[in-house]
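Here is a short briefing for a first look. It covers a surface patch, then aromatic rings.

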Amino acid sequence: MLDKVYYGNSLQDWGISILIILGALLINKFVILLNRKVIRKITVKSATRIDDIFFNAVEKPILMGIVLLAIWIALGRLEMDPAVFGMIKKSYELLVVLNITWFFARFISSLIEENIAGRNGKTEEGRFGIDAKLLPLIKRGVLIIVWFTGIVTAFHNIGITITTLIGTLGIGGIAFALAAQDTIKNIFGGITIFTDHTFRIGDLIKFDSVEGTVVDIGLRSTRLLTYDKRLVTIPNYKLTDALITNISSEPGRRIVMDIGLTYDTAPEKMQEAINILKGMPGRIPGVKERDLVAVFHEFGDSALIIRFIYFIRKQADNLETKSKVNFEILNAFTQAGLDFAFPTQTLYFGNSPENPDIGGRLDSAAPESLHGC
């Protein structure tokens, strides 16, 4: 029965090839245990971190390499068509180079994280004085270079060059080159954002009509999380050419209020109202003492206007602090007997020689409710 032939090979040959692949999977289990139970315990005691990074990066590529080697041995012992074997050989030349590239990508990525962001990835400044928030852009840029080099090398090993590949694409190659222009613009836009320190991940910014928190800065685009929890993706080149307001860089949020008091408010009461407003930082912790302004601003159409300008501290909640200030103004003015004004209108009618009985005054609390007399 074992001598029965299937696709040019006996059942025994197929069975041995399958056992070779299964054996590779068992070897992988042993390699994993050896690395995690023995090697890592040794490397963690060393004075340098390079060995830890190396063995962490090399583990998965080694496992993949063992499987690829086992499949190559298993297929190599079988009888097959030379054309099919040639295709398999080229595929393996491609996969081996990509597997090596995978190792270098993992190793270099870990080195970048170690030397820029620190071991925990949370430090603001790395060992070389580079801002840790540059980490995503640097990693992506380096990985693109590593993978591009690996892919070009892999295709070159099987006789395909990039110029040949693009040449075979014809019009598609031209379209690819044109499309790459926007990609290059976005990449340089991302670099410009970091070098100019326009904003960082975690900053609250305003771009055109969009306002939100920066959650990611990539090579191609920047993503904002708006107040309604929507993720907005903006190409980097648009951000470099636009007017951007970095709200997080403000020392405090500026609030401007016009408070109207009735025209029968005495001067000393107006001063009392201004004093109440100037004392706001002592009653509301979120209000800054510096740059606070409270002045008799103008005589309005129906009110005496006090202009009140204050700043909310950077670490305070804007909406909550503004609400507390409004409640404090309402309570303090009510206790002081200060009356808020509302739109009013007074009309005077003069006497005429023909109708001496017509004349007088009409007051209205709301102009739109006046119908005539």
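Ile-18, Leu-19, Leu-22 and Leu-25 make up a nonpolar surface patch, with about 390 Å² of accessible area together. This is a predicted model: local features need pLDDT of at least 70, side-chain atom pairs count only at pLDDT 80 or more, and totals for chains, interfaces and linings use all residues. Residues are numbered from 1 along each chain as its sequence is written, and side-chain values use heavy atoms, with hydrogens and water left out.

**Surface patch**
- Ile-18 sits in helix 1 (residues 11-43); helices are DSSP runs of H or I, at least four residues, numbered from the N terminus.
- Patch residues have over 30% relative accessible area and no salt bridge, and nonpolar side chains are joined within 5 Å.
- A salt bridge is a Lys or Arg side-chain nitrogen within 4 Å of an Asp or Glu carboxyl oxygen.
- Accessible areas come from the Shrake-Rupley method with a 1.4 Å probe.

**Aromatic pairs**
- The structure holds nine aromatic pairs (ring centres within 6.5 Å; planes under 30 degrees apart are stacked, over 60 edge-to-face, the rest tilted).
- Phe-54 and Phe-103 pair edge-to-face, at 5.6 Å centre to centre and 85 degrees between the planes.
- Phe-54 lies in helix 2 (residues 50-76) and Phe-103 in helix 3 (residues 82-117), so this pair ties together parts 49 residues apart in sequence.
- Phe-103 and Phe-107 are stacked, at 5.9 Å and 15 degrees.
- Both lie in helix 3, four residues apart, about one turn of the helix.

**Burial and cluster**
- Phe-54 is partly exposed at 34% relative accessibility, while Phe-103 is buried at 14% (buried is under 20%, exposed over 50%, partly exposed in between, with a 1.4 Å probe and protein chains only).
- Phe-107 is buried too.
- Phe-54, Phe-55, Phe-103, Phe-104 and Phe-107 form one aromatic cluster.

Technical notes. Rings of Phe, Tyr and Trp (its six-membered ring) pair if their centres lie within 6.5 Å; planes under 30 degrees apart count as stacked, over 60 as edge-to-face and the rest as tilted. Helices (H or I, at least four residues) and strands (E, at least two) are DSSP runs, numbered from the N terminus. Patches are made of residues with over 30% relative accessible area and no salt bridge: like charges are joined within 9 Å, nonpolar side chains (Val, Leu, Ile, Met, Phe, Trp, Tyr) within 5 Å.
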